[in-house]
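Trainee: Before I look at the model, could you show me how to read strands, sheets and domains in a structure of this kind?

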Amino acid sequence: MIKIRKRAADAWFGVLALIVFVFSVFPVYWMLNTSFLPNNRIRGENLAFFPTPDVFTLNNYRAAMFGEARAPFPPAVLNSIGVTFLTLVIALVVGFLAALALTRFSFKGRRTFIVLILVVQMIPGEAMIISLFRIIDGWQLLNTIIGLTLVYSAGVLPFTIWTLRGFVNGVPKELEEAAMIDGCSPAGAFWRVTFPLLAPGLVATGVFAFIQAWNEFVMALVVMQRPEAMTLPLWLRTFVQATQATNWGAVMAAAVLIAIPVVVFFLIVQGRMTGGLVSGAVKG
Amino acid sequence: MPAVGARPGLSSQVSKGSTSEGRLSGRQDMSSVLQKPPAPTRQLIRQKRRPSYLPWLLLSASMILVGVMTGYPVVRLLVMSFQEYERAQLMGQPAEWVGLDNYATVLTDVEGFWTVLARSFALMVVLVVTTLVLGMLVALLMIRIGKGMRLLVSVGLLLAWAMPSLAATTVWGWVFDTQYGVVNNLLTAITGDRWFGHSWLLNPWSFFLILTCIVVWGAVPFVAFTLYAGLTQIPEEVMEAAQLDGASAFQRFRLIQVPYVRSIITVLVILSMIWDLKLFTQVFVLQDIGGDRELTNTIGVYVYQMGMAQGHYGLASAIGVIFVIVMLAISYPYVRRTLREEEL
Amino acid sequence: MNKNRLVGAAASAITLTLALSACGNAGGSPAAEPTGPGEVRVWLVGSDTPPEARDYLKKTFEEQNEGSTLVIEEQAWEGLVDKYTTALSGSDAPDVVEIGNTQAAAFTSAGYFREITADEFETLGGDDLIPGFVEAGDWEDKHYALPYYSGSRVVFYSKQVLGDTPVPTTLDEYVETAVDMTTDDLSGVYWPGQDWYNALPFIWENGGFVAEQAEDGTWEAGFSSEGGLAGLEQIQTIMTEGNNAPADANETDLQVPFCEGKVGFLSAPSWIQWSIKAPEKPEDPEGVPGCESTYGSDLEGMALPGKDGGAAQVFAGGSNIAIAQKSARPDLAMSAYEIILSDEYQSILAGMGLFPAKTSLFEKVDQSTSIGKAAAEAAANAKLTPASPKWADVESKMLLQNAFSKIASGEDVQTVAEQLDADIEEILNS
């Protein structure tokens, strides 16, 4: 009797799980579907719900990447990769050192610093665009990867420090002390004992820096004004606001191209990510 | 095996670490007695003599970066909020000091500033509650279902999570497109009425409905994964014992699961609050696709429009300052709690 | 004590930055104007400037300035004011920029553009330049942005779609015809809700106004005036009963529904004719297909009929062109500027159906076709939006787009008009 009821319940939960799956996946699926369909099959009564071989086309990708009317794709990819990579490295290295100082040392001014890091995150970034623009302009760094990287690194750093601090806190100090007693130098103890335990935390934090830098477009709009300096989000926006066609097939192909690296990155790091997030959150 | 299957990495590693710690400290006791007396002493001394400039050295890079790239703009923000600063000033004309005029203009603008602020907060509450509730439900569901289904759900959530928000908003805009969107197409097929040409973004209510869909869709995976990882750490015996004691599913949820992940929930709420209040990309892009800016502005977009689009940098700065003050007031309890913890 | 040190460190970091950025700004103003070969960047907006004109500009410039290059970077109309605000104030500013005639005042008033001296003005065309557009680019009796081209809207139609329906000769007939023709599959007048340029003639023809400045300098908006409301009523009738276009769409790709044969009348810029007459299978994989063999084959044009017949007063669409104040090479920029305003370059624009910057070249616009004739009639009756530097704010806030979207979705005309007037007055009088 109980078993039957349990099985009925299982079926219901299965249905619920399916609904969650469908809702999560549908926009992604629809993006892929549209990107592989010719223009006359993505609208109206002719709508195709699956890119069957007879209608399947790569024209949208060709249009998105090589269409003459568009901003060029290859430099946008290179710029985005450059900015994202540099931001990620700077944010993690600099943020990690700061997190270390805030957790492994007690010094006066520490609390002030922590509060500042928290408060800084509450400032609406949109209000600082113009000042940031003038700094970057003053340094002659407009339209350069370095200029945009500086803006992004500073933008993600407070959150990075905040999260990493949680992770470093999560590794007991006694571990290092024990290692030091075993003859390690403080740096050596940290490097051999604590650092490996922090890998998930670094990954989790890195994901945020990565998404931020890959996605951001308002500062990019202001700092990267030449067509050859565009990043991918700016490139995608030229599609949506194009004065010519709103060619949804090409727009979706462009969206796919932007999403792919993020999905790949997520697949690589996923195992470490959630674990990291929990510990970080618990200690945060 | 996607995200969820993996055990929460750090915690298991930490517990491994704790055992080794036990081992090490055991040895310490012994060694301090006899075996290697000089080593620990030297180490301990060195530790005590850690130079006081070391933490500042470690902090220097971030202090320079944040100080220059955030500190200076913040100072400028404050200065500009007391000036009449428009496009002409950007071209080098000297700015005029206007005292508190900008603040007065903003604070008396009921139809503009206050409406936008209220709207942003209402939206934030809806978004945070919806995200947290749905996230919790999905996390509970993932515990309840079998391995195969869990893999399926995880894949779906991971895809939604990984979609960059700009791309995601564009895709949702296409799904709800007025003329050719699949939603209007399906509604026409199902209801038999003519839905082609129905604009979802024009009406502010359905605009915010779609906005909520987009944000929640993108935010639930993070919440669900995090809560799931937290819930799986509850020892199985505890849940079983409760069940044997006759606790209903809801009682177990309320009395065991929620308290166990309470600290996670707190952090998720704080993070979601900050993120949702500062929401920008989704609103900005949806307004581009269609939608009445005046009736759908949230604080971030409003500041952008005031400054970048209309060139009133003084007013935009004043709004920024006021917003930070409001945020500080709201988060004061959290800041204080954090500080108390720091004292320990 | 350490706390003080932190504050001290932060303070010195900030001082350092202030010093650094001060240096940077000082370096921005050129000490000596460089000479010799260089690069000139020209920002053109949208795809209105035909490829022939772009090629001519680049070729001629590089012939006249040996060793120098000219790069054309196409900008989008959407978010244009935002972008110019920063881009033109920075050290890497473009040299020559196109700007919508209604947006020019926001920049001329703030010193974004280099002044065109009286002598230069004479050389570039002087009184021959379209007066209304010259005025749009003036600030305090000095010239900053000169006309680039103008192009008022023309009503397109194809006899294949109209059939026996007579072509309307007054504005009221136009409204009636639109409503009569419309079915689920056919828009009498195809009119996306955000297309406000097409709405202004209805306001003006019914005796309304957009905004007028009183003696004391305050602005009064006139959508809720008697004439304004009458115009809005007519607009709503067409939009809701004579039109299937989405209420929230803008005026991109108007040729697409037209080429599907689903449009009776289409009021659009005259250069749209080339998109309609384009081949069905474009060479560029992304090119938008036209319909040269079907509805493009018998394309006709007429000026929007006025209240009492004749041509209605329409919105004078078009652009101005200016040299950026921060241009690194004003000498080269002026050279490109001269080419753009030359008779040769402007004649190429005229050949495409755009009205050139100089009135003497109007005759170069082919008026043998009904479309050309209609364009000339419309241009003769064209009017501009209120001459206030704040008008650009009205546009960047999309107030008109939003208001007409609401009217298209059937909201109460009076309410929308009053709200719109209040919003416009608030901006213009701020």
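Predicted model: local features only at pLDDT ≥ 70, side-chain atom pairs only at ≥ 80, totals over all residues.

Trainee: Which strands pair with strand 6 of chain C, and in which sense?

Mentor: Strand 6 runs antiparallel to strand 14 of chain C, with 5 bridges between the two, and in this pairing C:Tyr149 stands opposite C:Ser319 of strand 14. Strand 6 is also joined to strand 15 of chain C, residues 355-356, by 2 bridges, and here too the strands run antiparallel; C:Ser150 has C:Phe355 as its bridge partner in strand 15.

Trainee: How should I think about the two faces of a strand, and which residues of strand 3 of chain C lie on each side?

Mentor: The general idea is that side chains in a regular strand alternate between the two faces of the sheet. In strand 3 of chain C, C:Val96, C:Glu98 and C:Gly100 lie on one side and C:Val97 and C:Ile99 on the other, and all of these are buried, so that both faces are covered.

Trainee: Is C:Glu66 buried or exposed, and why?

Mentor: A residue is called exposed if 12 or fewer other C-beta atoms lie within 10 Å of its own, and C:Glu66 counts as exposed because it has 7 C-beta neighbours inside 10 Å. C:Glu66 sits in the loop between helix 2 (51-64) and strand 2 (69-75) of chain C, and its C-alpha is 7.0 Å from that of C:Pro37, although the two are 29 residues apart in sequence.

Trainee: What is the strand order in the open sheet of 4 strands in chain C, and which strands stand at its edges?

Mentor: The order is 8-11-7-12, with mixed pairing. Strand 8 (187-189) and strand 12 (299-302) of chain C are at the edges, because each has a single partner strand and so one side of each is without a neighbour in the sheet. On average, neighbouring strands of this sheet are turned by 35° against each other, direction ignored. Within the sheet, strand 7 (residues 153-158) and strand 11 (residues 263-269) of chain C run antiparallel and are joined by 5 bridges, with C:Arg153 opposite C:Pro269. Helix 15 of chain C, residues 370-380, lies across strand 7 and strand 12, at about 20° to strand 12.

Trainee: How is chain C divided into domains, and how many residues are in contact between them?

Mentor: Domain 1 comprises 39-151 + 317-365, and domain 2 comprises 153-315 + 383-428. In chain C, 16 residues of domain 1 are in contact with 17 residues of domain 2. On the side of domain 1 that touches domain 2, helix 4 (104-108) and helix 6 (131-136) of chain C each supply at least two residues, and helix 6 gives the most, with 3 residues. The residues of that side divide into 6 nonpolar, 8 polar and 2 charged.

Terms used:
Residues numbered from 1 in each chain as written. Chains lettered and ligands numbered in written order. Buried ≥ 20, exposed ≤ 12 C-beta atoms within 10 Å, placed from the backbone. Domains from an automatic or database assignment. Contact = placed C-beta atoms within 7 Å. Nonpolar A, V, L, I, M, F, W, Y, C, P; charged D, E, K, R; others polar. Pairing = 2+ DSSP bridges. Axes fitted to C-alpha atoms, helices over the stretch in contact; angles between N-to-C directions.
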